[in-house]
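Student: I am new to this structure. Please take me through one part of it closely, then show me how that part sits in the whole.

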Amino acid sequence: MKLLLRSEELVLLAVWHLGDNAYGVTVRRYLMAETNQHFSFASVYDPLDRLTRQGFLKATDGAPTKERGGRRRRFFSLTDKGLGALAEVQRVNAVLWQGVPQLANRL
C-alpha cells in the first residue's frame, strides 16, 4: 500500500476524531487547535477531495441550512480503505520510532 502524505494522514485522523461532525470547516479547526499551526482552506479541502476520489473517504451532503444560504455541508467519513491506510501508517510509525528515546525529555 502506498504511504499517505503527512497532510493526508492528518486529515484522515481529524475525520476519525470528528466522527459525524467531520466537514471541511470542522476538520480545519480541529487540525489548527491540535497542532497550533495555521491550515489554509486549500490545505484541508485539497486532501479531502483527493482522499475522497481515491476511496479513503466517503462524502455525503447534509441538509441545506439557512446560515449557509441554502447550501449543503459536505460531510466526510472514513471508508475501510481509509482505516486500512491509517493502520499502515500507525504500523510504520511504530517500527520507525521503536528504540528512540523520549525526545521531549531531551529538550
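Tutor: Start with Glu 8, which lies in helix H1, residues 6–18. Keep in mind that the model is predicted. Glu 8 has a relative accessible area of 1%. The cut-off for buried is under 20%, so Glu 8 counts as buried. Who touches it? Leaving aside neighbours within four places in sequence, Glu 8 is in contact with Lys 2, Arg 50, Leu 51 and Gln 54.

Now widen the view to the helix. H1 has 13 residues. From its first C-alpha to its last it reaches 18 Å. That is close to the 18 Å expected at 1.5 Å a residue.

An α-helix has 3.6 residues a turn, so residues three or four places apart point the same way.

Not counting residues up to four places away in sequence, Leu 86 touches Glu 9, Leu 12, Leu 13 and Leu 78. Leu 86 and Leu 3 are 83 residues apart in sequence, yet their C-alpha atoms are 9.2 Å apart.

Next comes H2, residues 24–35. This helix has 12 residues, and its end C-alpha atoms are 17 Å apart. At 1.5 Å a residue the span should be 16 Å, so the two values agree. In H2, Gly 24, Thr 26, Val 27, Arg 28 and Leu 31 are buried. These residues pack against H1, helix H3 (41–53) and strand E2 (72–78).

What follows H2? Asn 36 does, and its phi is positive, near 55 degrees. Asn 36 has this positive phi although it is not a glycine. Asn 36 lies in the loop between H2 and H3. Its relative accessibility is 68%. The cut-off for exposed is over 50%, so Asn 36 counts as exposed.

Now step back to the whole chain. The secondary structure comes to four helices and two strands. Along the sequence the pattern is α-α-α-β-β-α. The C-alpha atoms fill a box of roughly 55 × 30 × 20 Å along the principal axes. The chain has 107 residues, and 31% of them count as buried. Consider contacts between residues at least 6 apart in sequence: 48% of them join residues at least 24 apart.

Last, the surface and the charges. The chain exposes about 7,300 Å², and carbon and sulfur atoms supply 53% of that area. There are 16 positive and 10 negative side chains. The centres of the two sets lie 4 Å apart.

Conventions: Residues are numbered from 1 along each chain as its sequence is written. This is a predicted model: local features need pLDDT of at least 70, side-chain atom pairs count only at pLDDT 80 or more; totals for chains, interfaces and linings use all residues. Side-chain values use heavy atoms; hydrogens and water are left out. Buried means under 20% relative accessible area, exposed over 50%, partly exposed in between (1.4 Å probe, protein chains only). Contact means heavy atoms within 4.5 Å. The expected span of a helix is 1.5 Å times one less than its number of residues. Accessible areas come from the Shrake-Rupley method with a 1.4 Å probe; for residues, only the protein chains shown count as cover. Lys and Arg count as positive and Asp and Glu as negative; His and the chain ends are not counted. The place of a charge is taken as NZ of Lys, CZ of Arg, CG of Asp or CD of Glu.
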